[in-house]
Amino acid sequence: MAGDRFVGPAPLSVLVDALKRLPGVGAKSAQRMAYHLLQHDPHGARMLGQALGDAVDRLRHCARCNTFTESEICETCASPRRDASLLCVVETPADQNMIEASHSYNGLYFVLMGRLSPLEGVGPNEIGFDRLLERATDGLVKEVILATNFTTEGETTAHYLAELLRAQGLGVTRLARGVPAGSELEYVDAGTIAWALMDRRAP
C-alpha cells in the first residue's frame with residue numbers, strides 16, 4: 001500500500017478502484033470486497049458485473065418523472081390508478097421507493113436526481129428545475145408535495161422550489177417533521193414516512 005493507492009495486479013487494482021466509487025466505501029472496504037468476490041464468490045462477481053452492465057445499458061430516465069425505467073414512461077406514470085393531481089418531489093429513486101413502501105401515497109412523482117448544493121457547484125440548472133416546473137404546470141397537478149430530505153441541502157432545495165411553484169399558483173406542502181431532522185428518506189422506516197405524508201404542511 002502506498003497511501004490510499006492499492007498495489008497489486010492491474011485487474012485487481014482496477015476492481016478496487018471501481019468499488020471505492022460506491023458511497024461509504026473506503027480503500028480498505030473496497031479491498032475486502034474485491035478479495036471476497038474473487039476468492040469466495042467468483043460466480044457472484046460475474047453476476048454483479050453483468051447486472052451492472054445491463055442496468056447501465058438498458059435503463060433510462062422516465063420522460064415524465066425522471067426516475068429510472070426501461071421504457072420511455074415508467075409504470076407509475078403510466079398507471080391510470082394514480083392521482084394525477086398530486087405530485088411528490090423527491091431527491092432520488094431510493095426516496096421514491098421508500099414513500100411507495102409506506103402505502104400511504106397514490107399520486108405521481110418527480111425525481112430530482114440530486115439537491116441544491118452551492119458548495120459543490122450544484123444549482124437549479126444542474127438538477128433540472130425547468131423540467132420539474134414544466135411537469136408541475138401540466139394543468140392536472142393541484143398540489144406539489146416537497147419530500148426532499150431534512151438535511152441542510154434538502155431544506156434549501158424545498159424552500160427554493162416552494163417559491164418557484166407558488167409563483168405558478170400551485171398548492172405546495174412539505175413533509176411533516178415526523179421525519180427526523182438531518183435524516184435521509186432512504187433510511188427512514190415506512191411507518192414514519194406514512195405519518196409525515198398524512199401530516200404534511202405548507203413549507
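This is a predicted model: local features need pLDDT of at least 70, side-chain atom pairs count only at pLDDT 80 or more; totals for chains, interfaces and linings use all residues.
1. Size of the largest pocket. The space in the largest pocket comes to about 240 Å³.

2. Residues around the largest pocket. Its lining is made up of Leu15, Ala18, Leu19, Leu22, Met33, Leu37, Ala45, Leu48, Gly49 and Leu52. Three helices, α1 (10-19), α2 (27-40) and α3 (42-58), each give two or more residues to this lining. Of these elements, α3 provides the largest share, with 4 residues.

3. Sorted by class, the lining holds 9 nonpolar residues and 1 polar residue, with no charged residue. Gly49, a lining residue, belongs to the polar class, because Gly is counted there.

4. Size of the second largest pocket. Here the volume is about 170 Å³.

5. Residues around the second largest pocket. The lining residues are Thr67, Phe68, Thr69, Ser71, Ile73, Cys74, Glu75, Thr76, Pro93, Gln96 and Asn97. Two or more of the lining residues come from each of β2 (68-69), α4 (75-78) and α5 (93-101). The element that gives the most is α5, with 3 residues.

6. Glu75 is among the lining residues, and Glu counts as charged.

7. For the largest pocket, the elements that give two or more residues are α1, α2 and α3. For the second largest pocket, they are the strand β2 and the helices α4 and α5.

Notes
Residues are numbered from 1 along each chain as its sequence is written. Side-chain values use heavy atoms; hydrogens and water are left out. On a 1 Å grid over the protein atoms alone, a cavity is a set of points where a 1.4 Å probe fits but cannot get out, and a pocket is an open set with protein on both sides within 12 Å along at least five of seven lines; lining residues have an atom within 4 Å of a point. Grid points are joined across faces, edges and corners, and a volume is the space filled by probe spheres set on the points.
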